Amino acid sequence: MKSSAPAYASNDGVIGATERTLGAKILSSLEAVNEVSFSVARESLVETMTLLRDTPGLEYQQLMEIAGVDYPERPDRFEVVYCLLSLTRNHRIRVHVRTDEIKPVPSVTGIWPVAGWLEREVYDMYGVLFEGNPDLRRILTDYGFVGHPQRKDFPLTGYVEVRYSEETKRVAYEPVKLAQDFRTFDFMSPWEGAEYILPGDEKAKLPEEKGAPTPLKADEIVKADAAQSKAAAPAPTPKTTESTTQTGEGRAEPTPKRARKPKNPDVVPTKGKGQNQ
């Protein structure tokens, strides 16, 4: 396998041959990232596509896809993109057309019948009108859907939700009610802990018990447990007494080793020897 993507013919001479064929119909041309695209006038779309399909040397026989793009800041906010493929030359190009919510784009169903479905998708998602499409209906959204989901001024959650009502025995349309606020979901790992403070967390500086919900992170919990255990632990008690202060004799220094033997009053020590001799 020489490459990870299909190998297409070179773009050399494609822009020049297309501009000679279409002439003033081309508004602009661009070659970027090994792809060629043309912007053409909306009114001349059908004639342009016919020339691209039938002209020797171009021969873009197949319409592969129609896509929509929304630029709200433009006067003609919508851009309809046609992806064409030449089977004989093994080459692809894109044709761009601009329009708005009112001005319709000429349908190319007379050239490629598959455009009927593709134009319906763009109409459903963006609201672009196609003049000459014999069946311009919604194709992806539900019956009675209001608005166009892919417009940047349309909420992706929609305005209404659909459910089956057991009371009325029919489909009911109601305003959207979200179970949680998706727009502020932070996607943080629950094992790391949230950076923000939830209501009520300010009352608990340390975790109350193992496994209790806490705003602290894992490393902070370990440090807090260590500090809490250290504060609660009693002072260590020595196993043996090494000084007279600890034994209660009142001496600051340990008793000499010879004086540690207990004195027996019944034994009279011999002079110069211990009491047990």
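This is a predicted model: local features need pLDDT of at least 70, side-chain atom pairs count only at pLDDT 80 or more; totals for chains, interfaces and linings use all residues.
User: What makes F145 and F154 an aromatic pair that is tilted?

Analyst: Happy to walk through that one! The ring centres of F145 and F154 are 5.9 Å apart, and rings pair if their centres lie within 6.5 Å. The planes make an angle of 50 degrees. Under 30 degrees would count as stacked and over 60 as edge-to-face, so the pair is tilted.

User: Why is the pair of F154 and Y159 called edge-to-face?

Analyst: Here the centres are 5.1 Å apart, with 90 degrees between the planes. That angle is over 60, so the label is edge-to-face. Together, F145, F154 and Y159 form one aromatic cluster, and the structure holds 3 aromatic pairs.

User: How do you know whether F154 is buried or exposed?

Analyst: Its relative accessibility is 10%. Buried means under 20%, so F154 counts as buried.

User: And why do F145 and Y159 get the labels they have?

Analyst: F145 has 25% relative accessibility, which lies between the limits of 20% and 50%, so F145 counts as partly exposed. Y159 is at 51%, which is over 50%, so Y159 counts as exposed.

User: What makes R74 count as lying over the face of Y71?

Analyst: R74 lies at 3.8 Å from the ring centre of Y71. The limit for the CZ of Arg is 6 Å, together with a position within 35 degrees of the ring normal. R120 lies likewise over the face of W117, at 5.6 Å from the ring centre, which is also within 6 Å.

User: Which residues have the most contacts inside the largest nonpolar core?

Analyst: Those are M49 and Y82, in a core of 31 residues. Several elements each supply at least two residues of this core, including α1 (14-22), β3 (62-70) and β5 (91-99). Helix α3 gives the most, with 5 residues. Leaving aside neighbours within four places in sequence, M49 is in contact with Y82, L84, V95, V108, I111 and W112.

User: How do you know that β8 and β9 pair?

Analyst: Two strands pair if there are at least two bridges between them. Strand β8 (residues 160-165) and strand β9 (residues 170-175) have 6 bridges, so they pair, and the sense is antiparallel. V160 stands opposite P175 in β9.

User: What lies between β8 and β9 in the hairpin?

Analyst: There are 4 residues between them, and K169 in the turn has a positive phi of about 60 degrees.

Terms used
Residues are numbered from 1 along each chain as its sequence is written. Side-chain values use heavy atoms; hydrogens and water are left out. Rings of Phe, Tyr and Trp (its six-membered ring) pair if their centres lie within 6.5 Å; planes under 30 degrees apart count as stacked, over 60 as edge-to-face and the rest as tilted. Buried means under 20% relative accessible area, exposed over 50%, partly exposed in between (1.4 Å probe, protein chains only). A nonpolar core is a set of buried Ala, Val, Leu, Ile, Met, Phe, Trp, Tyr and Cys residues joined through side-chain atoms within 4.5 Å. Contact means heavy atoms within 4.5 Å.
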